[in-house]
Amino acid sequence: MLTRLSSLFVRTLRDDPADAEVPSHRWLVRAGYIRRAAPGIYSWLPLGLKVLQKVETVVREEMDAIGAQEVRFPALLPREPYEATGRWTEYGETLFRLQDRKGADMLLGPTHEEMFTLMVKDLYSSYKDLPLSLYQIQTKYRDEARPRAGLLRGREFVMKDSYSFDVDDAGLEASYQAHRVAYQRIFERLGLDYVIVSAMAGAMGGSRSEEFLAVADNGEDTFVRSPGGYAANVEAVRVAAPASPPLADAPAMSVVETPDAGTISAVVEILNRNLPSRGWTGADTLKNVLFMVTAPDGTKRPLAVGLPGDREVDVKRLAAALEPGVADVFGPEDFARYPQLVVGYISPVSLDGTRVLGKDSVTGIEYLVDPRVVTGTHWATGANEKDRHLVGVTAGRDFEPDGILDVAEVREGDPAPDGSGPLSLARGIEMGHIFQLGRKYAESLGLKVLDSNGKLVTVTMGSYGVGVSRAVAAVAEATCDDRGLRWPLALAPFQVQVVATGKDAALFDEAARIGGELSGRGLDVLLDDRKASPGVKFADAEIMGMPLIVVVGRGLADGVVELRDRRTGDKREVPVGDIVDEVLRQAR
């Protein structure tokens, strides 16, 4: 197909959009691929839509290859199915809610587990109908509190979601592995440098979850990996608990005066001055942080988190662990309700042995601790009195936590939980997420089939998502440079851009001839036939990012044209009679 730039609906921009935070956002807007309609909502222009459709084609081909069948659900959905699974409430403010003219509650679909489950329930009733995998490519809606980075975090986005239905767990494992392999093929075809990491299931639920992350410095997700092959989203990292020291070896609890020591470092300095035999560090102190957790229905509960003093609470790990609840740090009004707690000197126990944190304590505040806080470990922590700390406070003797909460920051060089070496941290863009949902949604919505013995059994499900519109941004992010976009051949709107430079009509005629012949040989060709200066044309060609650029200019008088490779920056002259074959060779 030959498209003339003079008639293409596009306008490149010389300045960055004011809200652009990452390169992909900047260049997709400036090159005329997308336009902002509202915060987190974008219109697709012809160039951008062509790339989006090519991503969809890759996804469809690989889903079809594993036997999945495509369906399409509406984006406007009724409340009732989401009420049955609890997600009408759990999604909280993220859900777009509305009412029809009769007052019935509706929503814009953030994801479609409920609808797929009900469709299969409506049509299938026997184990003979399974296994089954269905998918759709559909627009999704989530009311992000802070939409950012263009297509990478929007309030409206295109997603492929698929669901597997099996009669037993062995079938679910087979379906999960088939989707996992299909995703590897998808991201390889898209040319992304990606990693597969263990992840949190979150509000989706289920027993197993993995993310496919495109490695990117500007990615919102942090992940870790080790030389031995361990890889996990930072929210899913689980610290290996140390062995429990004998309780009999723990020192007696005692008090240390710590005037004006409102920080961990100040406490450590005083301890090393007054009790130098141990060689105190922040890791020997127990920090206790108070949060108020708000459930989706608005109810609140206090939560205390205990962790080594040399670590901070990672807010993303905390959010993932408490989802769908939302945690906010205690404010003055919260502390006012608990006079037993002294800010800066909070401890799970007082010197007289009174338990201050824990469900069975005088405050009744749930107390969850880091995995490193095991029975027999002894700590320096606050005394619930200003300017005083306790030492020798021993887990399992002086306090009993209500459970474990693994939300401390993960650091470069920390040991991998599986012993495979030190962890390194990197950033990535979430491109796909796969879950073994199990029977959560099938049980909520009554999806059962008759098994081979004629007994009703609950179907087990898997859920598998790919960010289709996000993939456009991820590829742009990975391939752009400081002059614009640089598309791979498989995704470029046009494989070739033919640029006529100069005023001579013969140059335009030859450019049109070359473009027409390339189009006739099966390539998508963009012909820049505008009456514009060479500088404008070259700048536009670079910002738009077609892989191959043929420049028909002054060299035509000597029988040559210039062939530029936008991906590598290579430029060379090619005899005009050879240019079509040379472009075809490089474009295949």
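**Figure 1. Parallel pairing of strands β16 and β18 in an open sheet.** Strand β16 (residues 300-308) runs parallel to strand β18 (residues 366-369), and 4 bridges join the two. Val305 has Leu368 of β18 as its bridge partner. Both strands belong to an open sheet of 5 strands with mixed pairing, in the order β17-β15-β16-β18-β21. Its edge strands, β17 (326-329) and β21 (403-404), each pair on one side only. Two strands are taken to pair if DSSP finds at least two bridges between them; helices (H or I, at least four residues) and strands (E, at least two) are DSSP runs, numbered from the N terminus. The model is predicted, so local features need pLDDT of at least 70 and side-chain atom pairs count only at pLDDT 80 or more, whereas totals for chains, interfaces and linings use all residues. Residues are numbered from 1 along each chain as its sequence is written, and side-chain values use heavy atoms, with hydrogens and water left out.

**Figure 2. Strand β12 and its two partners.** Strand β12 (residues 221-225) has 4 of its 5 residues buried, so the strand is largely enclosed by the rest of the structure. Buried means under 20% relative accessible area, exposed means over 50%, and partly exposed lies in between (1.4 Å probe, protein chains only). β12 runs antiparallel to β22, with 5 bridges joining them, and Asp221 stands opposite Gly428 in β22. β12 also pairs in the antiparallel sense with strand β13 (residues 231-233), over 3 bridges; here Val224 stands opposite Ala232. A hairpin is formed by β12 and β13, with 5 residues between them, and Gly229 in the turn has a positive phi of about 105 degrees.

**Figure 3. Salt bridges, within and between elements.** A salt bridge is a side-chain nitrogen of Lys or Arg within 4 Å of a carboxyl oxygen of Asp or Glu, and by this rule the count comes to 53. In the salt bridge of Arg388 with Glu257, the closest N and O atoms are 3.1 Å apart. This pair links distant parts of the chain, as Arg388 is in strand β20 (residues 388-394) and Glu257 is in strand β14 (residues 254-257), 131 residues apart. Arg388 is partly exposed at 22% relative accessible area, and Glu257 is partly exposed at 45%. Asp406 forms a salt bridge with Arg317, with 2.7 Å between the closest N and O atoms. Asp406 lies in the loop between β21 and β22 (424-438) and Arg317 lies in helix α8 (residues 315-322), so the pair ties together parts that are 89 residues apart in sequence. Asp406 is buried, with a relative accessible area of 9%, and Arg317 is buried at 1%. Elsewhere, Glu21, Glu144, Arg146, Arg148, Arg153 and Glu220 are linked in a network of salt bridges.

**Figure 4. Glu477, a buried acidic residue in helix α11.** Glu477 lies in helix α11 (residues 468-479). Although buried, Glu477 has no salt bridge: the nearest side chain of opposite charge (Lys and Arg count as positive and Asp and Glu as negative; His and the chain ends are not counted) is Arg26, 7.5 Å away. Contact means heavy atoms within 4.5 Å. With neighbours within four places in sequence left aside, Glu477 is in contact with Val22, Pro23, Ser24, Leu152, Asn218 and Ile429.

**Figure 5. Phe187 in the largest nonpolar core.** A nonpolar core is a set of buried Ala, Val, Leu, Ile, Met, Phe, Trp, Tyr and Cys residues joined through side-chain atoms within 4.5 Å. The largest has 59 residues, and those with the most contacts inside it are Leu28, Tyr33, Phe187 and Trp487. Apart from it lies another core, of 26 residues, including Phe73, Met115, Ala442 and Met461. Leaving aside neighbours within four places in sequence, Phe187 contacts Leu192, Tyr194, Phe212, Met431, Gly432 and Val466. Rings of Phe, Tyr and Trp (its six-membered ring) pair if their centres lie within 6.5 Å; planes under 30 degrees apart count as stacked, over 60 as edge-to-face and the rest as tilted. By this rule the count comes to 12 aromatic pairs. The rings of Phe187 and Tyr194 have centres 5.9 Å apart and planes at 50 degrees, so this pair is tilted.
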